[in-house]
Amino acid sequence: MLSPSATMNYTVSLEKFCSIYKISASDQEKLTRLGYMPGNRVVESLLDADWQQVSFSVVGW
């Protein structure tokens, strides 16, 4: 487990984040399935298999 200091507090919802950055609804769904929340950098440590499990390639996005 990462310590609380390893992630940032976030105040922007995923919906708002996706709206601001023009992220498609299908990519938003994939980010949701990954458990992504804006400001939380834990997703940077996900393995390729984690991204592929939700049909989302790191390079593609």
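This is a predicted model: local features need pLDDT of at least 70, side-chain atom pairs count only at pLDDT 80 or more; totals for chains, interfaces and linings use all residues.
Residues are numbered from 1 along each chain as its sequence is written, and side-chain values use heavy atoms, with hydrogens and water left out.

**Exercise 1. Find which residues make up the largest nonpolar core, and which element gives the largest share.**

Start with the term: a nonpolar core is a set of buried Ala, Val, Leu, Ile, Met, Phe, Trp, Tyr and Cys residues joined through side-chain atoms within 4.5 Å. Buried here means under 20% relative accessible area, exposed means over 50%, and partly exposed is in between (1.4 Å probe, protein chains only).

Now list the members. The largest core has eleven residues: Leu-14, Phe-17, Cys-18, Ile-23, Leu-31, Leu-34, Tyr-36, Val-43, Trp-51, Val-54 and Phe-56. Next, sort by element: helix H1 (14–20) and helix H2 (25–34) are the ones that give two or more residues. H1 supplies the largest share, three residues. Helices (H or I, at least four residues) are DSSP runs, numbered from the N terminus.

**Exercise 2. Work out what Val-12 touches beyond its sequence neighbours.**

Then check its surface: at 32% relative accessible area, Val-12 is partly exposed. Finally, skip neighbours within four places in sequence, and Val-12 is in contact (heavy atoms within 4.5 Å) with Phe-17 and Pro-38.

**Exercise 3. Look at the phi angles of Lys-22 and Ser-55.**

Begin with the background: most residues other than glycine have a negative phi. Lys-22 has a positive phi, near 55 degrees. This residue lies in the loop between H1 and H2 and is exposed, at 72% relative accessibility. Ser-55 also has a positive phi, about 60 degrees. Ser-55 is in the segment after helix H3 (48–53) and counts as exposed at 56%.

**Exercise 4. How many salt bridges does the structure hold?**

Apply the cut-off: a side-chain nitrogen of Lys or Arg within 4 Å of a carboxyl oxygen of Asp or Glu. That gives two.

- Asp-27 pairs with Lys-30, closest N and O atoms 4.0 Å apart. Both residues are buried. Because they are three residues apart in helix H2, about one helical turn separates them.
- Arg-41 meets Glu-44 at 3.2 Å, N to O. Arg-41 is partly exposed at 48%, while Glu-44 is exposed at 57%.
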